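This report describes the fold of a protein for a reader who is new to structural work. Please keep the model at hand while reading.

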Amino acid sequence: MKILKFGGTSVANANNIKQVTEIVSNGKDTETIVVVSALGGITDLLLNALERASHGDLDYEKILMLIEERHLDTVKELFPIKEQSGILSHIKSNLNELETLVQGAYLIGEHTPRLSDKVVSYGELLSSFIISEYFKSYGLDAGCKNGRELIITDGNFGNANVDFQWTNTTCSDFFKTPKNTITVVPGFVSSSKQGHSTTLGRGGSDYTAAILAAATNASALEIWTDVSGMYTANPKLVKQARCVSKISYEEAMELSHFGAKVLYPPTIQPVLNKEIPIWIKNTFTPGDKGTLITSNGHGTDKTVRGISHVDGITLLSLEGPGMVGIPGISKRFFETLSQQGISVVLITQASSEHSICVGISEEDAIRAEESVNEAFEYEISSKRIRPIVVETELSIIALVGDHMKSHQGLSGKMFSTLGRNNVNIRAIAQGASERNISAVIQSGDIKKALNALHEEFFEENIKQLNLFVMGVGNVGSRLLAQIHQQSKYLKEELKLNIRVIGLSNSKKMAFNEEGIPLDHWNETLANGLEANGQSFMEMVRKLNYRNSIFVDNTASEMVSDGYANYLSNSIAVVTCNKIACSSTFENYQNLKRLSKQYSAPFLFETNVGAGLPIIDTLKHLMASGDRVHKIQAVLSGSLNFVFNNFNDGTTFHDVVREAQEKGYTEPDPTIDLSGVDVMRKILILARESGYQMDIDEIENDAFLPKESLEAKDSATFYASLKKFENDFQKRYSAASKKKCRLKYVAQFEHGKAKVGLQEIPEGHDFYNLKGSDNIVLFHTDRYAEQPLIVKGAGAGADVTASGIFADIIRIGNF
């Protein structure tokens, strides 16, 4: 004997019923019980009609008409016209009975749980009749048996308790010599010993199938649904979730209790003792392997078998000094909840006995609060116990696995993963078996938490980074091209999957939760929304992705002002924008503090030397205990390019213009030529060396005339360069006569910094610096006689983009 159960989506319409028939016909020679749910959505319609009727709302009639149409249309699609008459007559007779019952609720203005069970049972009764008749028309030896005649319960309407002694007897008697090879049984429905209709609770069709499997000692129970088994996580929330091929009864119970919708929690119990295997299969792709649930389902697979969750949780916390050492407090607390019919999902208690915390369904919150405060009214009034604390909009997330107890560090790994992603844990529960580790978190964090944990425990160390990129000009566009080019290498060699979720320039912004296609990102952006920095940040926070990184490719102070908000939401920041790190020391220090506090990396390697590892080298020196005494550097690739190419055969104006066209200067070239950009860079190096300094403390020996520095726009600026060409030529001639070269040098020594144009003699480390190269000399305790030198290309969109890319990869490797 085999038991096959088909859920509401599997029998939602005529096409699906035909698919079910194909599956059943494959085992037509084996004695089979087919348990079916109501047509998809019918149970909700029945409850809605009854609820409306009991409140005097005549719209219940429209709902009943819709229910009738669904069933009649299904029959007309399944059967030839000549076979429809008897079937339609039977259905209309049942629908007339249903209408009478619902009309009664309308007339008296209320409905009872008993009436509700009677009404809602029509969904399964009608579907089982239609399906059994179609099986016959298909040529199968099939019949229908009313589940109310097989499963006997108590009178707890809405969620009846099965009397297994009676039920096993009635089932075994009937199926000793079944009339047909295939027997169709309506799921969910049952009857009390007094003969009243009862139901087994929502999802009870699975339970019906399990009860019948145990009563008949079936060889297997197959649950056919719309997914291909039990998954490592909810595939609707975790795209990388995969089907678990084998799992134990206990693991399946834990996962189904904590939200795995493919299985009704009580289903396991009847088959557990008889060790009847359960298959979870997909009606719509029957060739998929599915999930096998057995007594020994673990095999050699992973320790953690699945991650599940329950939404709509409320935490109740009872606490106060009057609880310590007083027997009976817990008993009274749980007794009060039990008397109100409130089920407790999760329990945790401090060892000090100062507090008890329980998780319940959100719909029971108000009733629980009132009843508990009433039960402890005396203790609350005498301030021995505080009024119950109620926290809503919470969810439970749980790791499940049979052998987690024998593996050290799983709890720590779970909680550290959540912490890194700024998921705040409100309560923790773990049984001694350590088959389940549960945490209560904000409902808004569920998707991020599930994906972060799934990545940690199931995705073979492939880490997904979610980028939100601000600025897609020279540097930003090069960065996107580099990410696109290297995506395959990153996945295969570094186990990193980098997705760009959001993009923005000064005019447009666009988001794609699946990742913006980088081969035509510009089209996506062009069709995006109007750009707004605040809205961009709010969307990043709303999406709430794990491993989120905000990438700033701009030179905007307004954009840099938002770093604190990103960091305080555990969103990493990677930037080539120097403004934040060269702002007030207080702001710089605050950003560093937020980065540590919220475990959100704040990386700005490209602030100095574009893609050169200058800041990284300095950090390693400091971390290893070295001390910096002096820094000498040429830090402006643009200025170095300008003075390497300016001579008596060129004009200063033309060389500066060329530097800007090549992307070496900032969008406003006065920032470079005024020395402000170099001041910011030496300031950042001084701060990273452990010194407290602000930019107004740096001496700037400017070489540009005042008129050039105060130019209001680009045209005026370039006109001034032409005007003072003779001055620039004199500066060049003076250096040339001394066989020196002009370099714009930054220096930090004895806690003081200065920048300015210097004449560099032959033999100096700076003399042969070519093109737009940068060079930094670190004089430290360990590099006292010969400085540590970092030298290379220090400007240009490609090298700057590669530096930003390197910072992103660093975060991926944290």
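## Overall build

The protein contains 30 helices and 30 strands. With a radius of gyration of 36 Å, well over the 28 Å that the globule rule gives for 814 residues, the protein is more spread out than a compact globule. The model is a predicted one. Taken along the principal axes, the box filled by the C-alpha atoms is roughly 115 × 70 × 55 Å.

Of the 814 residues, 53% are buried. Among contacts between residues at least 6 apart in sequence, 72% join residues at least 24 apart.

## Surface and charge

The accessible surface of the protein is about 35800 Å², and carbon and sulfur atoms account for 47% of this surface. The protein carries 82 positive and 97 negative side chains. The centres of these two sets lie 4 Å apart.

Strands of a sheet pair through backbone hydrogen bonds, and the pairing may be parallel or antiparallel. In this model, 7 strands form an open sheet with mixed pairing, in the order E21-E20-E19-E18-E22-E23-E24. Strand E21 (529-530) and strand E24 (602-603) are the edge strands, each of which pairs on one side only.

Within this sheet, strand E22 (residues 548-552) and strand E23 (residues 572-575) run parallel and are joined by 4 bridges. Asp552 has Thr575 in E23 as its bridge partner.

## Two loop residues with positive phi

Most residues other than glycine have a negative phi. Asn544 is not a glycine, yet its phi is positive, at about 55 degrees. Asn544 belongs to the loop between helix H18 (533-543) and E22. Is Asn544 buried or exposed? Its relative accessible area is 14%, and the limit for a buried residue is under 20%, so Asn544 counts as buried.

Ser599 also has a positive phi, of about 50 degrees, without being a glycine. The loop that holds Ser599 lies between helix H21 (585-597) and E24. Ser599 has a relative accessible area of 44% and is therefore partly exposed, as this class covers values between the 20% and 50% limits.

Strand E9 (residues 246-248) runs parallel to E11, and 3 bridges join the two. Here Ser248 stands opposite Thr294 in E11. Strand E10 (residues 278-282) pairs with E11 in the antiparallel sense, also over 3 bridges. In this pairing, Ile280 is opposite Thr291 in E11.

## Strand E29 and its partners

Strand E29 (residues 773-780) is largely enclosed by the rest of the structure, because 7 of its 8 residues are buried. Which strands pair with E29? One of them is strand E25 (residues 628-634), which pairs with E29 in the antiparallel sense over 6 bridges. The bridge partner of Ala633 is Val776 in E29.

Strand E30 (residues 788-793) likewise pairs with E29 over 6 bridges in the antiparallel sense. For Ile775, the bridge partner in E30 is Lys791.

Definitions and conventions. Residues numbered from 1 in each chain as written. Predicted model: local features only at pLDDT ≥ 70, side-chain atom pairs only at ≥ 80, totals over all residues. Heavy atoms only, no water. Pairing = 2+ DSSP bridges. Rg over C-alpha atoms; globule rule 2.2 N^0.38 Å. Buried < 20%, exposed > 50% of the residue type's maximum accessible area, 1.4 Å probe, protein only. Contact = heavy atoms within 4.5 Å. Areas by Shrake-Rupley, 256 points an atom, 1.4 Å probe, with all protein chains shown as cover. Lys, Arg positive; Asp, Glu negative; His and termini not counted. Charge placed at Lys NZ, Arg CZ, Asp CG, Glu CD.
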